[in-house]
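Open the model in your viewer and keep the selection panel at hand.

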Amino acid sequence: MNKIKLPNQRMLNRTIALVSKSVAKKTLKHFQKNFAKGGFENPSGQFERWAKRKHKHNHPLLKKTKKLQKSFKTNFKRNGFEIENVAPYAGYVQEGTENNPERPILYRSKELDNIVIQELNKGVLKMLGLK
């Protein structure tokens, strides 16, 4: 008689934890990579440059100290994770102010959705012993 072995709850939980860590790592790289590009991927999947400054400076936009770029933190929770930027001024950059346009640094995109799907597929295939 042929048998099939299906994953138990422990295997599922371990896979979810490993996938979450992998997705978080790739998501952080995605956001940090945008500082080099000087923009972000809008909801339709197109790259969009951040709004230019009003005055000229000798350093690239949002890169003088690299504090903003280095201030992304991952918080793992029971049902996934959150990524936040803990720089005190990150909200002003993200949302904009009366004098400065918004320059999104945290956002959902097609590229990030694809990262999640790819990592889930890899995790499930590995868990089932198919990869």
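Select F31, F35, W50, L62, L68, F72 and I105: of the 17 residues in the largest nonpolar core, these touch the most other members. A nonpolar core here is a set of buried Ala, Val, Leu, Ile, Met, Phe, Trp, Tyr and Cys residues joined through side-chain atoms within 4.5 Å; buried means under 20% relative accessible area, exposed over 50%, and partly exposed in between (1.4 Å probe, protein chains only). Next colour α1 (9–37), α3 (90–95) and α4 (110–127), each of which supplies at least two residues of this core. The largest share, three residues, comes from α1. Helices (H or I, at least four residues) and strands (E, at least two) are DSSP runs, numbered from the N terminus.

The model is predicted: local features need pLDDT of at least 70 and side-chain atom pairs count only at pLDDT 80 or more, while totals for chains, interfaces and linings use all residues. Residues are numbered from 1 along each chain as its sequence is written, and side-chain values use heavy atoms, with hydrogens and water left out.

Now centre on I105. Leaving aside neighbours within four places in sequence, I105 is in contact (heavy atoms within 4.5 Å) with F31, F35, W50, L62, L68, F72, N85, A90, V93 and Q94.

Move to strands β3 (residues 72–77) and β4 (residues 80–85), which run antiparallel and are joined by six bridges; two strands pair if DSSP finds at least two bridges between them. They form a hairpin with two residues between the strands. Pick F76 and its bridge partner in β4, F81.

Then select S20 in helix α1. Is S20 buried or exposed? S20 counts as buried because its relative accessible area is 15%. Not counting residues up to four places away in sequence, S20 touches F76, G80 and F81.

Finish at L130, in the segment after α4. L130 has 61% relative accessibility, so this residue counts as exposed.
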